[in-house]
Amino acid sequence: KLQFLYLIAPPASPAGPGMKRSGAALLMPRLSAYTPGASLDPEQAALYDKIKGDREKTGAKAGFGVVNGDGSLVGPWNAWVGSPVIGAHMERLGYHCRHGNACPADLYEVGILAVSAEARCQFEWYAHEKLARAVGVADAAIESIRRRAAPAAAEGLSEEQRAVYAYAWELLESKRVSHATHAAAAGRGGGRTGHDRLGHDARLVLLHRHAAERVQHPAAGGLPLPEPEASE
């Protein structure tokens, strides 16, 4: 696990103290490009095909591709192929959270955007901003989440979306969730729906360290989220 996290963690920024890393630097992939053919062992090839087959369907719905020009997978998926044992479990967890989830799609996407914004996960935001719009999340709500607005001040959210956003926001800000916030979010749909949604938020928080991964970002016109200042 430590070896896998080392693979996705970014190197020290060449920028000086207080300077922001450039978008151009972040666009440079840090990992090897795992492409079909001789460069993949059987486990890697099987995982590549599984990810590509499923995520292409999701990408087609929202208008984003899942394969770079060199044939490698975009976003965190290239890293998963590089470590196929761990990557396969992460892929299955992600698949079941999306396709086996009783949570309404708009609430699911609000939770993803909240974690992506806090973690500054550029690719996750790029993809799920499109998916959120496709399932009816308002532009004003998406912009509020991008700015990491406090739940009470966030615009454009339905009552149900605000409860979900408040849960994710509180968890990410304080690493704790109050009884009132939990009850409001878990009660949206009740039973399995509530548990599925809260479980999905927990999964996102667990995996949000992928925000640190240096991957090719396919969006034109710069990165969609602000980058943190470089540490000394």
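1. A quick definition to start: on a 1 Å grid over the protein atoms alone, a cavity is a set of points where a 1.4 Å probe fits but cannot get out, and lining residues have an atom within 4 Å of a point. Grid points are joined across faces, edges and corners, and a volume is the space filled by probe spheres set on the points.

2. Some ground rules: this is a predicted model, where local features need pLDDT of at least 70, side-chain atom pairs count only at pLDDT 80 or more, and totals for chains, interfaces and linings use all residues. Residues are numbered from 1 along each chain as its sequence is written, and side-chain values use heavy atoms, with hydrogens and water left out.

3. On to the overall picture. The chain has eleven helices and zero strands, where helices (H or I, at least four residues) and strands (E, at least two) are DSSP runs numbered from the N terminus. Of the 232 residues in the chain, 45% are buried, meaning under 20% relative accessible area with a 1.4 Å probe, protein chains only. Contact here means heavy atoms within 4.5 Å; among contacts with a separation of 6 or more, 67% join residues 24 or more positions apart.

4. Have a look at helix α8 (residues 139-146), whose buried residues are A141, I142, S144 and I145. They cover an arc of only 160 degrees around the axis, so they sit on the same side of α8; the arc is that of the directions from the helix axis to the C-beta atoms. Their cover includes α6 (105-119), α7 (122-134) and α9 (159-174). Just after α8, R148 has a positive phi of about 60 degrees.

5. Back to the cavities: there are three of 30 Å³ or more.

6. Finally, is N78 buried or exposed? N78 counts as buried because its relative accessibility is 7%. This residue is found in helix α4 (residues 77-82). A polar atom of the N78 side chain lies 2.9 Å from the backbone oxygen of S32. Leaving aside neighbours within four places in sequence, N78 is in contact with L31, S32, A33, Y34, S72 and L73.

Terms used
Buried means under 20% relative accessible area, exposed over 50%, partly exposed in between (1.4 Å probe, protein chains only). A polar contact is a pair of N or O atoms within 3.5 Å; within protein, one must be able to donate a hydrogen and the other to accept it, and residues adjacent in sequence count only if both atoms are side-chain atoms. On a 1 Å grid over the protein atoms alone, a cavity is a set of points where a 1.4 Å probe fits but cannot get out, and a pocket is an open set with protein on both sides within 12 Å along at least five of seven lines; lining residues have an atom within 4 Å of a point.
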